[in-house]
Amino acid sequence: MPDRIRIHAGVRRPAPIVIHVNGVATPCHPGETVATALLAAGIVVFRRTASGAPRAPVCNMGVCFDCLVSIDGRPAVRSCMTRVAAQMRIGLPDHG
């Protein structure tokens, strides 16, 4: 997955780790939230409403609940409030 929206010039980050998004290895950095890692990977649909409308993070501070994803088998986890961990498994409805 691309790493196209992270700022690279002049930024120092810890060594990358890997999370799995619908089984696809996705690099990210310790300290990032799951939402940040997904957005940096170019993922813009995090879940679907009951009518099928796409949803993605709006507030990035845990208020809107539009960033809900499955993490390590736990459904409806706020990705903007959860920091990545090596080998974490993320489930999304439209990917993979």
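How do strand β5 and β6 pair, in the parallel or the antiparallel sense, and over how many bridges? They pair in the antiparallel sense, over three bridges. The notes below walk through that hairpin and then the rest of the fold.

Before we start, please keep in mind that this is a predicted model, in which local features need pLDDT of at least 70 and side-chain atom pairs count only at pLDDT 80 or more, while totals for chains, interfaces and linings use all residues. Residues are numbered from 1 along each chain as its sequence is written, and side-chain values use heavy atoms, with hydrogens and water left out.

1. Strands here are DSSP runs of E with at least two residues, helices are runs of H or I with at least four, and both are numbered from the N terminus. Two strands count as paired if DSSP finds at least two bridges between them. Within this pair, Leu 68 stands opposite Arg 78. Two residues lie between the strands of the hairpin, and Asp 72 takes a positive phi near 50 degrees.

2. **A parallel pair.** Strand β1 (residues 17-21) and strand β7 (residues 89-91) run parallel and are joined by two bridges. Here Val 21 stands opposite Ile 90 in β7.

3. **Ser 70 in β5.** Back in strand β5 we find Ser 70. Is it buried, exposed or partly exposed? Ser 70 is partly exposed, with a relative accessible area of 24%; buried means under 20%, exposed over 50%, and partly exposed in between, using a 1.4 Å probe and protein chains only. Leaving aside neighbours within four places in sequence, Ser 70 is in contact (heavy atoms within 4.5 Å) with Pro 75, Arg 89, Ile 90 and Gly 91. Ser 70 and Leu 92 are 22 residues apart in sequence, yet their C-alpha atoms are 6.8 Å apart in space.

4. **The nonpolar core.** The largest nonpolar core has 20 residues, of which Ile 19, Leu 38 and Ile 90 touch the most other members. Such a core is a set of buried Ala, Val, Leu, Ile, Met, Phe, Trp, Tyr and Cys residues joined through side-chain atoms within 4.5 Å. β1, α1 (34-40) and β5 each supply at least two residues of this core, and α1 gives the most, with four residues. Not counting residues up to four places away in sequence, the residues that Ile 19 touches include Val 24, Ala 37, Met 88 and Ile 90.

5. His 29 lies in the loop between β2 and α1 and counts as buried, at 14% relative accessibility. The side chain of His 29 reaches the backbone oxygen of Pro 14 at 2.9 Å. Arg 6, in the segment before β1, is also buried, at 10%. The side chain of Arg 6 makes a polar contact with the side chain of Glu 32 (2.7 Å). A polar contact is a pair of N or O atoms within 3.5 Å; within protein, one must be able to donate a hydrogen and the other to accept it, and residues adjacent in sequence count only if both atoms are side-chain atoms. Arg 6 and His 29 are themselves in contact.

6. **Ile 7.** Ile 7 also lies in the segment before β1, but this residue counts as exposed, at 57% relative accessibility.

7. **The cysteines.** A search of the whole structure finds zero disulfides. Cys 59 is partly exposed, at 23%, and Cys 64 is partly exposed, at 25%.

Note on methods
A disulfide is a pair of cysteine sulfur atoms within 2.5 Å.
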